[in-house]
Amino acid sequence: MAKRSSLSIRIVEGKNLPAKDINGSSDPYCIVKVDNEPIIRTATVWKTLCPFWGEEYQVHLPPTFHAVAFYVMDEDALSRDDVIGKVCLTKDALAAHPKGFSGWAHLTEVDPDEEVQGEIHLRLELVPGARAGRLRCSVLEARDLAPKDRNGASDPFVRVRYNGRTQETSVVKKSCYPRWNETFEFELEEGAPEALCVEAWDWDLVSRNDFLGKVVVNVQSLRAAQQEEGWFQLQPDLSKRQREAANLGSLQLEVRLRDETVLPSSCYQPLVQLLCREVTLGTQGPAQLIPLIEEMTSTECRQEVATNLLKLFLGQGLAKGFLDLLFQLELSRTTEANTLFRSNSLATKSMESFLKVAGMRYLHSILGPIIDRVFEEKKYVELDPSKVEVKDVGCSGLHRPQTEAEVLQQSAQTLRAHLGALLSALCRSVQACPAVVRATFRQLFLRVRERFPGAQHENVPFIAVTSFLCLRFVSPAIMAPKLFHLRERHADARTSRTLLLLAKAIQNVGNMDTPASRAKEAWMEPLQPTVRQGVAQLKDFITKLVDIQEKEELDLQRALSLQMPPVKEGPLFIHRTKGKGPLMSSSFKKLHFSLTTEALSFAKTPGSKKSALIKLANLRAAEKVEEKSFGSSHVMQVIYTDDTGRPQTAYLQCKCVNELNQWLSALRKVSINNTGLLGSYHPGVFRGDKWSCCHQKDRTGLGCDKTRSRVTLQEWNDPLDHDLEAQLIYRHLLGMEAALREKHRELRAGTGAGFTLTGPGEAPEDALAQLLQVLRDLREAHRHSPASSPPSEPSCLLELQT
């Protein structure tokens, strides 16, 4: 049983941003921080004050997180990036919107006194005395303080104030993880204020001290407990907030917080078995729960429900059967062939999710090289005469304007080359396509051919396959390669136009070059020879793709399971500690790393022989390294034990914050069930005779910061979490329970059957009654689960400023 928290984040667009560059524009991007920890960086949109990102992320977090902040930045090539503004959403604010926050939020100015982070460890107690007694405050340590100095650290000290008296700790030089262990006492007097203020500051010799955060403790609340000890989140100083700054623009966001208590697997078995029986029986079964779920699911929730159901059935080995059931249901209510799979039904949404989960690696193999070539060439391509821009061509001194006909001719030639390369790669990829994807397309092909027989519908089965493969998978990936992880950055305007025209061309091929698709945009006519040839190629490809028998499918799946495809791979820089000298970034060596469910290995090149670096069972933690250690904020440490059981650390440098968080997420997810995972670690390095972060001299002692093993980014190739998917489906069904009960009453009245909900241990006779019974049992299980009660924390002593 576990409490799971996750954030669904969609960064849509910005508008009316201020100009930060000389040319009167900006190059904006967003940084997303959870409790001041950067976890996401969007792509930069160049030269605009109204950027569009459209990027989506799912972040898994511990339930104890406090806030998520969105910083809009302006990228500069030669100087430090400018901060435009930020939007901050607290956990409480998100919890107040069960369906999520959606809309425009005004950017606010970034105030240094509000940019605080970290926690402070305090022990507070009331000591009896001659009069009212004494208040004793022990300042023990702090962690993850904001670095305020150029060396990537701070020189922190603590100031304790009560009843007009102020006392200070000593200054700890060059540390964001200081330890003081100093105690202060204050006389308690009648009529004295009930607030004890503990402030953290960065000491500076020349300039004024920098504020690091504060904690305000309610002494009255302490009187009942007499003593409290714990970690307290540092809060910003809002007392100095000035009037609202000038208009900094707005940011459109969609953010949803979901807290789920996941029960043991046995609790979900009745629900899983009931749904699996529906799929196994298919359309011939005694009841139809899947159609009821589709009927009662709103349009905005359909994609989420489809993904949860798809993942649940993937884990049960029934994904093909589930999709086949949806195909039959869709076909049964479709009368016109040209409207087949054109709506946003449960079938189309489930198939989209299926292709992303099961076919993303396949998509990258066929589409990746073509997308890379388009980005590298950066050619000007345009087929629409009304949009052609005539430009100068020729060598220096012999410039002449390029005619419109020349632009159109060269553009058509470029697009024909890209389209031809893509179709050729697709036709060669039959054996590379995952067996379960091929088998699912085979079921789709056969079902459509049964529903629409005859020569007049000869192309309908092919169009049904291409409606998913081309129109809902390949074409969206061409238009937005960043969103499908094919590129790290969005395309510029010129490359975006080339990709859009290429996507239109592949859509025409997928539509089997129908007259309707040709008539829509007549200026695409120069591509028609390649499109007609592509139709023939695509039909031949689909014929071979769906020609797979059950035995071949099982053999291919078995062979794939033996290959252990990498969870993540790519180039990283590794540092190996030598002696006691300074650790410099130049001592990193570039290697190709590969992470599987067995080990983290490396090789000189992607094709050379791999050497195992860390056995996955020996992994103890994967965490970030503070910037001052190597002069880079993109270094992670992998803590593990060697074959003799001794602790070891590998330092790996990534090229950007997104790559860093992706590797950390992958390492944390594949080792989540390891025994001996660490609860604390050192974010610095052991240099000379002490740790650079907290200055401890015990190399093997407890770490000075907590590990973040539960902070992960959701990826398309994540391991399936069967219990979580079952819990999400239960949560959705619980929201429609009243409608399901009403439907059950209608069905019972219509059939005249005397079905009633039964008590525990008795089996109802129809599937819908069984489902209602399962929901009732799960609701009872949640009511009695320990995780449902809120944890008690010393934060009740905090008197947060408003």
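A crossing of two helices is called left-handed if the near helix is turned anticlockwise from the far one by less than a right angle, and right-handed if clockwise. By that rule helix 8 and helix 11 cross in a right-handed way, in a predicted model for which local features need pLDDT of at least 70 and side-chain atom pairs count only at pLDDT 80 or more, while totals for chains, interfaces and linings use all residues. Residues are numbered from 1 along each chain as its sequence is written, and side-chain values use heavy atoms, with hydrogens and water left out.

**The chain as a whole**

- The chain holds 19 helices and 30 strands, where helices (H or I, at least four residues) and strands (E, at least two) are DSSP runs numbered from the N terminus.
- Of the 802 residues in the chain, 50% are buried, a term that means under 20% relative accessible area, with exposed set at over 50% and partly exposed in between (1.4 Å probe, protein chains only).
- Among contacts (heavy atoms within 4.5 Å) between residues at least 6 apart in sequence, 68% join residues at least 24 apart.

**Helix 8 and helix 11**

- Two packed helices are described by the angle between their axes and the distance between the axes.
- Helix 8 (residues 404–427) packs with helix 11 (residues 493–510) at an angle of about 55 degrees, and their axes are 10 Å apart; axes are lines fitted to C-alpha atoms, for helices over the stretch in contact, and angles run from 0 to 180 degrees between N-to-C directions.
- The two helices are therefore oblique to each other, since angles under 35 degrees count as roughly parallel, over 145 as roughly antiparallel, 65 to 115 as roughly perpendicular and the rest as oblique.
- Helix 8 contributes Leu415, His418, Leu419, Leu422 and Leu423 to the contact, and helix 11 contributes Thr498, Leu501, Leu502, Ala505, Ile506 and Val509.
- By class, this contact of helix 8 with helix 11 has nine nonpolar, two polar and no charged residues, with Ala, Val, Leu, Ile, Met, Phe, Trp, Tyr, Cys and Pro counted as nonpolar, Asp, Glu, Lys and Arg as charged, and the others, Gly among them, as polar.

**Helix 5 and helix 7**

- Helix 5 (residues 299–315) and helix 7 (residues 346–377) have axes that come within 8 Å and cross at roughly 55 degrees, which makes helix 5 oblique to helix 7.
- The crossing of helix 5 with helix 7 is right-handed, and among the residues that meet there are Arg302, Gln303 and Lys311 in helix 5 and Lys349, Glu352 and Phe354 in helix 7.
- The residues of this contact of helix 5 with helix 7 divide into seven nonpolar, four polar and four charged.

**Aromatic pairs**

- The whole structure contains ten aromatic pairs, in which rings of Phe, Tyr and Trp (its six-membered ring) have centres within 6.5 Å, and planes under 30 degrees apart count as stacked, over 60 as edge-to-face and the rest as tilted.
- Phe593 and Phe602 have ring centres 5.9 Å apart and planes at 40 degrees, so the pair is tilted; Phe593 is buried at 0% relative accessible area, and Phe602 also counts as buried, at 16%.
- Phe686 and Trp691 form an edge-to-face pair, 5.3 Å centre to centre with 75 degrees between the planes; Phe686 is buried at 17%, and Trp691 is buried at 10%.
- Phe327, Phe341 and Phe468 are linked into a cluster by ring pairs.

**Thr440**

- Thr440 lies in helix 9 (residues 435–451) and is buried, with a relative accessible area of 0%.
- Leaving aside neighbours within four places in sequence, Thr440 is in contact with Lys320, Leu323, Phe327, Met351 and Phe354.
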